[in-house]
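Trainee: Could you show me how to read a helix and a set of strands in a model?

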Amino acid sequence: MKKKILIVDDEVNIGLLLSKFLTRNGFEVANAITGASALDIMTNEAFDLVLCDYRLDDTDGREILIKIKENYPTTGVIIITGYSDIKLAVELIKLGAYDYITKPLYPDEILNTINKALETQRALNENKGRPGKKHETESDYVNYTEYIDGQSEVSATLLKQIQLIAPTSYSIILTGKSGTGKECVAKTIHLNSLRRDKPFVAMDCGSLTKELAGSEFFGHEKGSFTGALYTKIGHFEQANGGTLFLDEIGNLSYEIQATLLRTVQERKVKRIGSTKEIDLDVRIIVATNENLVDNIGKGTFREDLFHRFNEFSIHLPSLKKRGNDILIFADKFLAVANQELNKNIKGFSEGVKNCFLNYSWPGNVRELKNVIRRVSLLTDGSEIQVDVLPLELSNYAKDFDREQILKQIKSKHSDKPKDLKNAAQEAEYDTILGVLKETNFNKTKAAQILNIDRKTLYNKIKAIKIEDQE
């Protein structure tokens, strides 16, 4: 049975061209030139898909989309426009549109998008009973086991971006320093997409040589070259229908980038040694810790490939910028370590917590996870102490050990007679200590609050001989 498509476009010539093209490709097509006439047609006739121009004389695609989803939830919607706006695109997809494509229109792209939209709508109708339904609350979102939501502002922004982009088919560039969790974010996006039941395939481009790249990306047939003892399926083919994650994309040679561009443009792959082309339906997420725009300027990364990937970008903040989220992440990693090591460690001492909050974490989340695994192995009691931390952390932690400072201050106060001079010193000590506690013993912040420079604060702390405890 032919699928029925309604084209809504106030440019009559474009509507007629689309109608003829889709009719030749086996669809039953109707046309409307206004939003009102489109809705009138739909009251008397059911359609599988609506192809709607965003800007119409009497309304816009957003309003049409809302009304279609309210009254005809089994009908898919694709929005077409000459205005490329990523914020608008994400909003429309959140409202229920399958996709958003921009003019000029290319026949193969239109046909491919329509077929995917119809297949997606069919699956939604069968599996959920309410077509077009997407994640409606935050609790509907699935988090990959290693990806942890924080409570800081930067974590909330990151989560919001993931929630917005996951249901779409957009290609994504993930940027951020090494160890910030780019692969975990990519998996979270995949698990919250319509491709969640299809493969997620990760590939490290940083380890690829020119000789291996073709075989790894596209696969090869047995006997196609010396050493090809068996048929190999490439990563693109493995990920077909799902998501392909390409890590360290900036490390690819210029020659490999050219080959990759053709595959991304044509959405077809051919194994080495084969004449058969395989159609691809793959969402591509790439990651880099480099500045690809700078690399384009240097001539080491192709600008056309960058724009193919950069339909949406997400920057992952470094661990140091996530504030108290560090302690949340540490608790989660400790729970995992307890399970791995069959231990029951309850938590961290105040000194360890202060260390975690003030250490720079150059290795980011990956470094934190490895540290937690190590100190958990070395801990026999119920609480992790400073003495089991790696040297680069423990040296830093001593300077901020809250328990040592409290003990030293208490001892000093109890031994001093209460004359005026000592009372003034005690008041100063209490003020400094109070501010240090409020700032989690961050000396830079404490100095700012006390309205003194950092060197002066250090001198005052030395005056009460905190360093004697190191």
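Trainee: Which residue follows H13, and is its phi positive or negative?

Mentor: This is a predicted model, in which local features need pLDDT of at least 70, side-chain atom pairs count only at pLDDT 80 or more, and totals for chains, interfaces and linings use all residues. Residues are numbered from 1 along each chain as its sequence is written, and side-chain values use heavy atoms, with hydrogens and water left out. Helices (H or I, at least four residues) and strands (E, at least two) are DSSP runs, numbered from the N terminus. Here, H13 is followed by asparagine 342, whose phi is positive, near 55°.

Trainee: How many residues does helix H13 have, and what does it reach from its first C-alpha to its last?

Mentor: The expected span is 1.5 Å times one less than the number of residues. Helix H13, residues 325-341, has 17 residues and reaches 24 Å, close to the 24 Å expected.

Trainee: Which residues of H13 are buried, and what covers them?

Mentor: Buried means under 20% relative accessible area (1.4 Å probe, protein chains only). In H13 the buried residues are Asp325, Ile326, Phe329, Ala330, Phe333, Leu334, Ala337 and Asn338. Their cover, judged by contact (heavy atoms within 4.5 Å), includes helices H6, H14 and H15 and strands S15 and S16.

Trainee: Which strands are joined to S6 by bridges?

Mentor: Two strands pair if DSSP finds at least two bridges between them. Strand S6 (residues 172-175) runs parallel to S13 (residues 283-288), with 4 bridges joining them, and threonine 175 has threonine 288 as its partner there. S6 also runs parallel to S14 (residues 312-315), again through 4 bridges, where leucine 174 is partnered by isoleucine 314.

Note on methods:
Buried < 20%, exposed > 50% of the residue type's maximum accessible area, 1.4 Å probe, protein only.
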